[in-house]
Amino acid sequence: MSESASFVDPAFLARFGLTRINAIDYFLHPLNPFRTKAKTSNEVLGMQGINIGTLMQWGTGARPGPLPLDQGEDEYRVALSRLTGEQYELLPMSTNIEGMTPQQMSALFTIRHVHRTSHNHTTVLGIYYILEGVIYKSPTVRGLMKANIARTLAGLSEACDALSVCARYDPSSGYSWKFDPDEDDDEDNKFYSSIQEKRKRRRRQTILDNRRPGERTAEEEEGIRASEAIDRILSRLSKSDVVVKGKPII
């Protein structure tokens with residue numbers, strides 16, 4: 001599945017809204033392509049009537065209800081830690097993400113997919129984000145490196161195109177550089193500008209699989225929007241260790 005794919009269920013959002021209480025239920029939507037096909041510990045707890053909402057309402061033997069949201073989340077993590085298998089953890093909301101307001105942070109949910117083999121040992125299988133009701137998968141390190149290299153190569157290509165316009169060749173003296181255009185160079189400038197424009201058009205058509213410049217499918221438009229949203233999420237979370245470490249289990 002493409003890293004730029006996303007999922008949203010407008011019917012669920014219109015009926016129930018989206019909060020930290022039901023974020024896991026929203027992610028476990030049967031139509032969500034990101035969720036595992038295996039039976040998760042979250043579903044096992046759900047069949048027992050255990051979720052963040054019920055724990056907040058009734059509490060546990062050690063913590064009688066009602067409980068505040070953070071304690072309800074803690075008790076849910078403790079309940080998950082007693083089971084083994086694939087699980088989805090709702091990571092604590094970070095309070096130190098630079099450039100994000102409390103309203104923006106309340107619309108961002110981070111979910112970690114793990115495989116638990118014991119109380120203290122888990123293997124991370126994936127990281128997902130829910131931003132304003134849309135579910136995205138966090139890109140892999142390979143995907144991030146590939147995107148950064150592609151951006152770098154694109155910048156170098158544009159720099160080479162810009163410099164090629166300034167190159168001059170004389171049979172007696174060889175190549176030279178001329179950065180200040182003169183009036184006598186109008187014809188040369190037009191010639192080099194046409195070459196540069198052709199290169200840009202050829203590069204755009206290569207990116208768009210030889211379609212006409214500016215032509216994109218609906219899937220590509222959605223992929224571009226999803227990629228931009230993921231980049232914004234990663235930049236906001238770059239200084240937070242909550243994704244890697246999570247909140248210690250009490």
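Select Arg35 to begin: at 16% relative accessibility, this residue counts as buried (buried means under 20% relative accessible area, exposed over 50%, partly exposed in between, with a 1.4 Å probe and protein chains only). The model is predicted, with local features requiring pLDDT of at least 70 and side-chain atom pairs pLDDT 80 or more, while totals for chains, interfaces and linings use all residues. Residues are numbered from 1 along each chain as its sequence is written, and side-chain values use heavy atoms, without hydrogens and water.

Arg35 sits in the loop between helix 2 and helix 3 (41-47); helices (H or I, at least four residues) and strands (E, at least two) are DSSP runs numbered from the N terminus. Its side chain reaches the backbone oxygen of Leu28 at 2.8 Å. Beyond residues up to four places away in sequence, Arg35 touches Phe27, Leu28, His29, Glu43 and Tyr88, where contact means heavy atoms within 4.5 Å.

Next, select Phe27. Leaving aside neighbours within four places in sequence, Phe27 is in contact with residues including Arg35, Phe34, Ile111 and Ile135.

Then display the largest nonpolar core, which has 22 residues; such a core is a set of buried Ala, Val, Leu, Ile, Met, Phe, Trp, Tyr and Cys residues joined through side-chain atoms within 4.5 Å. Ile24, Phe27, Tyr76, Leu90, Ile111 and Ile135 touch the most other members. Among the elements supplying at least two residues each are helix 5 (69-81) and strand 3 (108-116), and helix 2 gives the most, with four residues. A second, separate core of nine residues includes Tyr129, Val134, Ala229 and Ile230.

Finally, select Leu156 in helix 7 (residues 141-164). Leu156 is partly exposed, with a relative accessible area of 49%.

Conventions. Polar contact = N/O pair within 3.5 Å; in protein donor to acceptor, adjacent residues only side chain to side chain.
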